[in-house]
Number of protein chains: 2
Amino acid sequence: MKSAPGLTLLDAADEAGVDIKSDCGGKQTCGKCKIKVEEGIENLSSPTSKERDELGDTLEQGYRLACASKVSGNVLVTVPDESRRGKQVILTEGLEVGIEINPSVKKYRMELDAPSLANDIPDFERIAKFLNNEYGVEVNEVMPSTLRSLPRTLRDKMGRYEKTFTATTLDGKLIKLEKGHREEYYGIAIDIGTTTDVAYLTDMRTGEVVAITSMMNPQVKYGEDVMRRVTMSFSEEDGLEKLRTAIVDGLNSLIDDAVEEAGISKDDVMEITIVGNTGMHNLFTGIHAEFVSKSPYVQAIGHSINLTPQQAGLDIYEDGNVHVLPTIAGWMGADTIGCLITTTPYEQEETQLMIDVGTNGELVLGNKDKMIGASCAAGPALEGAHVSYGMRAAPGAIQYVRIDPSTYKPKLDIIGDEPARGLCGSGIIDVVAEMVRTGILQQNGRFNKDLETDRIRKSKSSQGNEYVLVWADESGIDKDIVVTLKDVREVQLAKGAIRAGAGILMEEFGVESIDEIALAGAFGNYIDPTSALIIGLFPEIERDRVKMVGNAAGIGARLALVDEKKRKEADWLVDKVKYLRLAALEDFDMEFAKAQWFPHMKKEELYPNYDKILALREEEGEF
Amino acid sequence: MKSAPGLTLLDAADEAGVDIKSDCGGKQTCGKCKIKVEEGIENLSSPTSKERDELGDTLEQGYRLACASKVSGNVLVTVPDESRRGKQVILTEGLEVGIEINPSVKKYRMELDAPSLANDIPDFERIAKFLNNEYGVEVNEVMPSTLRSLPRTLRDKMGRYEKTFTATTLDGKLIKLEKGHREEYYGIAIDIGTTTDVAYLTDMRTGEVVAITSMMNPQVKYGEDVMRRVTMSFSEEDGLEKLRTAIVDGLNSLIDDAVEEAGISKDDVMEITIVGNTGMHNLFTGIHAEFVSKSPYVQAIGHSINLTPQQAGLDIYEDGNVHVLPTIAGWMGADTIGCLITTTPYEQEETQLMIDVGTNGELVLGNKDKMIGASCAAGPALEGAHVSYGMRAAPGAIQYVRIDPSTYKPKLDIIGDEPARGLCGSGIIDVVAEMVRTGILQQNGRFNKDLETDRIRKSKSSQGNEYVLVWADESGIDKDIVVTLKDVREVQLAKGAIRAGAGILMEEFGVESIDEIALAGAFGNYIDPTSALIIGLFPEIERDRVKMVGNAAGIGARLALVDEKKRKEADWLVDKVKYLRLAALEDFDMEFAKAQWFPHMKKEELYPNYDKILALREEEGEF
């Protein structure tokens, strides 16, 4: 983090938009603003005596109080979860997906005959024969550490063969043998997000998630966006190893926490499935990522990868497996694959447009005949970043907005029982949609100057006008919360990129309308679909044909964990989805410009029923 | 080693029959008798000042001079190769086996098209597609570290795709990618013997052995025979780990030496194949070996095992493979499999009796229709141990003997240009055969007391008579070298066990004679077949139907390294060879007793042409 010399880390963080807790207001007494210095500790002022008291031994590990540390140069810090203001709201359930339980890792009850001089086939072959005879399973390999203890596991302390055992297999390999009949076993589906990592500890017998843990991606300290990290991985010495270690350590702590929360043994975690964009995929698996980030953006591998826990660096059952889902292209990764095996356009006649909303938006238009995908740099506006009062979906965030079309007075839905502190992603979309619906904004995104209300005024902080959503005396930050012309522009760029991508995919696919939209993304479930329709985030469609599928990437990882058919579908998708490089298309810029209007410059042609959409809001009534 | 207190280690070693170098005669001046103390250093006298001068820093690592260290209790020592008297003679070539070069690990030259925006399939898939199109090879996996560097290996420093590459594959996996066309690669076939380990560094393009290294099995310090080590592996704490570490470290030094001798890079060693008896197999792979050593002697696994170099602990190319050949039974291991894929009885109409001579003799009788195997505890007499003047095949060892039938004076063939110091295995067989032929020994193994010669006399050291082979003034040890009645008994026990096993296999197989004998074993090539026929080591057969196949186990490991068909044959043999447990058979003891006679108690019935065999020696003339 760079900042003006002399500021404290707390001030510098505030300037940079990073939320750090501080109950005492920077007086070095509450100890809540504890942060960890990763690099550049020499550019901080010496620890104060209050810091020494507060931090004790942790001072030596690099911890400091942000309010006490004055900055004189570049410093790299990590903000521990407990020092972050507010806890992130995690979407635990998106779409209800019918899960079929048929995992790659399977357990089998066995009743083995004891060997004798007349029946002396070896231990492993005895197991393989039983599994083949009783279950029709072909097992022809055994993992080394399972093999090493095989003879002892099969016998009691007196050396007598026991009768009942449980075998665990994966892809023709025996990976575990247990005495007695023991059905219990677990897997973990992991979604490595650029910003947030989530682990779903799953009971493999039922598919039920028994613990969810999440954390900020520890790589964030090296750069917020994927490209910065990928560039670091090949341009800095040990860059890749630093990034890999950061994510691997992070995932291990997610695993530890999940296992502890569920009260199970780590040795019962037999498999991990992993989704993430291609950058996250490469930085986790340790693949040299320079060339996937440069034209022609070729991945090192498309298909799925299996690693031993040791190769992956993850601490679960040692003969278990880490399955990394495949990637379609440099800018269309295992996260999109995860979404697709969740929304399954390839199983239906009707066309589906799957949109994974994020800083990079991924779109796939398809049905059982074909699928075409594209990705677009939507920017972070739809996630609540890069807008004046954007914030994460934490307490104090405005998540829904309704504006009275005659008074222009808003009604707000705020997370938690607190005064408003800013807008999260769904709030941004809502307020802009309401500004469009009530005429505060024109179709081209400019403010309507003819309205008589003190809520519309010339902006103090940026060019153009602004709309006052919350007056300072009602807000939790002692300032007016406003939406500026610049904020509206950010939303236009984001929604324009997605809408242009959708339009080009439709043209390429050869359809003039689509039958279904599946809206994915960590916050996909929170977007108000009517608002999305009003701003023209996607092509015109019936309101009830828009499905919110939540964190479909994570759901995909869970599906691949418990249903081996889903893994095959995932690998099949690599070759099946045709990836379209939007930036390479001649007419993209023109499409992009037109798509930035609300809902579109070609409104009459593309949104013939736009009035009905606007009317939906009135039908819906209050929230 | 246990010894009378007060003796030096050098004396104690001499008593125990361990040869340690000492040029100065125990005066602590030559420094040649350096040994390493593994356990029980507290039972040795304190280092003398001469030792301190001689040993310097190595004293702290446990090295001592054997001549200076007085023993007061149990001590476990290792004698380094350079401190052993004489170097072992290694059999480098046995049977000339026609080697087919079609290894599991293969190299392919590739000419890849550079990717472009229009041709953007991923790096790995590009390689897999090329290999499939050009060579019909299915490659669907890639080893992790190869994958990690794939993008960089494919491109030059400017990020441009190069054109020519070399891919190395194994069982559908890409395990290496190199720039340019590079045909060179190597494998190592390893024979883990109970006593001696041999490594054959092999050029995989030609099958040619480019370096051979060997050493005493470092586990010997824990016990000379297999059973003692196996028992230690499960009865002592960390026993298995100690034994495993000993052999793994030993093999790594064999690999180091071989690679250095050939002047190649360890990164070019792509695969290792391993043979050894079931005990050695288990102690190397780290399998719990308690139950394979107890009735019903069931192995942990019969079929072959593949390990990563890391799992095996062997230091070769990291994405390479360690292939451990299969075992047939607890007492019939991967060494016997190695012999069989060398002598290939299953490819012929004629019956073959394969005998692998060693402390444990393994026999397989078979042809293309069926194969039956058995093992017998022959004891070490045929290897030159447990006989009064037995020694290894080192300089000074008598390897062949002819006795004049009228004077009873012997002619000797001695290894190296030295006076005789003892008898190696082939010498023992020769001298006993000659004693039988010349009538010194009767058919039942007793001395003929009616012969008039001072070479036959009452033994001074044991019961019964003895034959003086070398008088003290002609010997290199200032003592008469004699063959005692007890020595003859040892040979009778050894040859009786093998001959009884062969008889029982023939009965079980349903034949009265066999068409061919393949004699294997580290010293198999050195046995004089006529002598073997004279003592009745195996059933009567034409002299020219006895093939000496040398270290067939090691040859088998080499075949499995360069010809993948041989690996399939090896795994097929596991189920194909019927293993007969001799000790469990009612008539074994009786057969064993009869077979101890020269050539057999049922000589008239089983050796109708015995006179012709005796006459062979005269036809052969002098050696």
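Buried means under 20% relative accessible area, exposed over 50%, and partly exposed in between, computed with a 1.4 Å probe on protein chains only. The model is predicted: local features need pLDDT of at least 70, side-chain atom pairs count only at pLDDT 80 or more, and totals for chains, interfaces and linings use all residues. Residues are numbered from 1 along each chain as its sequence is written, chains are lettered from A and ligands numbered from 1 in the order in which they are written, and side-chain values use heavy atoms, with hydrogens and water left out.

**View 1. Salt bridge between R182(A) and E184(A)**. A salt bridge is a side-chain nitrogen of Lys or Arg within 4 Å of a carboxyl oxygen of Asp or Glu. In this pair the closest N and O atoms are 3.4 Å apart. R182(A) has a relative accessible area of 26% and is therefore partly exposed. E184(A), at 25%, is also partly exposed. Over all chains, the structure holds 76 salt bridges.

**View 2. Salt bridge between K266(A) and D256(A)**. The two side chains meet at 2.6 Å, N to O. K266(A) lies in the loop between helix 6 (239-262) and strand 11 (269-276) of chain A, and D256(A) lies in helix 6, so the pair ties together parts that are 10 residues apart in sequence. Helices (H or I, at least four residues) and strands (E, at least two) are DSSP runs, numbered from the N terminus. K266(A) counts as partly exposed at 23% relative accessibility, and D256(A) counts as partly exposed at 34%.

View 3. E111(B) is partly exposed at 27% relative accessibility, and R109(B) is partly exposed at 37%.

**View 4. Helix 4 of chain A and its surroundings**. Of the 10 residues of this helix (residues 144-153), 7 are buried, so the helix is largely enclosed by the rest of the structure. The buried residues are P144(A), S145(A), T146(A), L147(A), L150(A), P151(A) and T153(A). In chain A they pack against helix 3 (123-135), strand 5 (141-142), strand 6 (164-170) and strand 7 (173-179). They also pack against strand 12 (305-307) and helix 8 (309-312) of chain B. Contact here means heavy atoms within 4.5 Å.

**View 5. Two cis peptide bonds**. Most residues other than glycine have a negative phi, and most peptide bonds are trans. A cis bond joins F598(A) and P599(A), with omega about -15°. P599(A) is placed in the loop between helix 15 (588-595) and helix 16 (603-606) of chain A. A cis bond also joins S295(B) and P296(B), where omega is about 5°. P296(B) belongs to the loop between helix 7 (278-285) and strand 12 of chain B.

**View 6. Positive phi at D171(B) and Y408(B)**. D171(B) is not a glycine, yet its phi is about 45°. This residue sits in the loop between strand 6 (164-170) and strand 7 (173-179) of chain B, and at 53% relative accessibility D171(B) counts as exposed. Y408(B) has a phi near 65° and is found in the loop between strand 17 (397-403) and strand 18 (410-414) of chain B. At 10% relative accessibility, Y408(B) counts as buried.
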